[in-house]
Amino acid sequence: IFFSASASSCCQPTPPSLPVPGMSCVQTMVGWHPTLKTCMSLVLAAVLLVPGALGLSNGLAALPPMGWSSWYAAGSWVSEEVVKTNAEFLLSSGLAAKGYRYVNVDEGWLLGRDNQTSMLYEDRTRFPSGMQGLGAWLHGKGLRYGLYTSRGTCQCTTPEYDHRCVPTARSAPHPEGSNGFESHDAKFFAAAAADFVKVDSCCGSQDHATAFADYARFRDALNATGRPMVHSLCGWFPWYAPVGAGLGNTWRISADGDGWHSHLVAV
């Protein structure tokens, strides 16, 4: 079972001002506290391993992926600067050496989908190196790299993100989702050298069979690239528990939480 900082349109926290280099705040599951150098969500990526709850038999995530996720630290205000600052902290603090090696960029990196090629493209004002360049930088530091999308026709979002994204006709006014473009998007993530892909559920059908089919298509598209990428299913509901192992390497069974209690109740 995998608990991560993640986004859903129904329960967005109100983010504080943008984390910047030198800012002193640490984020925990219970809120913001003035300590340490950077906004660390030390729930980071995984903390409960239930015996027997293994995911896809593709050699990935046999142990919980651990690291930093941008959602609780920056929400959709995420930027290359924020990601690199927190990645550097994983290294300088010794957390990376203890296994906290994943640096996962949640919602906010995507700008739109190219009308001609149907490929995703990033927001270069926030990620001037591009997602491929950021991945190369993280790998050069010995870290692993995560990216984000949603299985629906739009991404999870915030008013700020809606304002700056370039939506398609089907997703407007929200950022474009991956539904129907699973193969294209998996190729984008592979080209960016992602090691981890979180697939959220915004703008996706909550009919069980449809949701399972959506995640199965993304699973197969990621596998077809030939690049090993952890498929992190962010489904929000307990009804993913019986089928999650066939769909993803990790599968989430609760909504966004603001404390350990909400996750323990879900379990």
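**Aromatic rings to start with**

Author: Happy to! F212, Y215, W236, F237, W239 and Y240 form one aromatic cluster. Rings of Phe, Tyr and Trp (its six-membered ring) pair here if their centres lie within 6.5 Å. This is a predicted model, where local features need pLDDT of at least 70, side-chain atom pairs count only at pLDDT 80 or more, and totals for chains, interfaces and linings use all residues. Residues are numbered from 1 along each chain as its sequence is written, and side-chain values use heavy atoms, with hydrogens and water left out.

Reader: Thanks! How many aromatic pairs are there by that rule?

Author: The count is eleven aromatic pairs. Take W239 and Y240: their ring centres are 4.5 Å apart and their planes are at 20 degrees, so this pair is stacked. Planes under 30 degrees apart count as stacked, over 60 as edge-to-face and the rest as tilted.

Reader: Is Y240 buried or exposed?

Author: Y240 is buried, at a relative accessible area of 0%. Buried means under 20% relative accessible area, exposed over 50%, and partly exposed in between, using a 1.4 Å probe and protein chains only.

Reader: Nice. Changing topic, what order do the strands of the open sheet come in?

Author: The order is β3-β4-β7-β8-β9-β10, six strands with parallel pairing. At the edges are β3 (67-69) and β10 (250-252), each pairing on one side only. From one strand to the next, the twist averages 15 degrees. Strands (E, at least two residues) and helices (H or I, at least four) are DSSP runs numbered from the N terminus, and two strands pair if DSSP finds at least two bridges between them.

Reader: How many bridges join β7 to β8?

Author: Five, and the two strands run parallel.

Reader: Last one: where does the charged end of R113 sit?

Author: Over the ring of F181, 4.1 Å from its centre. The rule asks for NZ of Lys or CZ of Arg within 6 Å of the ring centre and within 35 degrees of the ring normal.

Notes. Axes fitted to C-alpha atoms, helices over the stretch in contact; angles between N-to-C directions.
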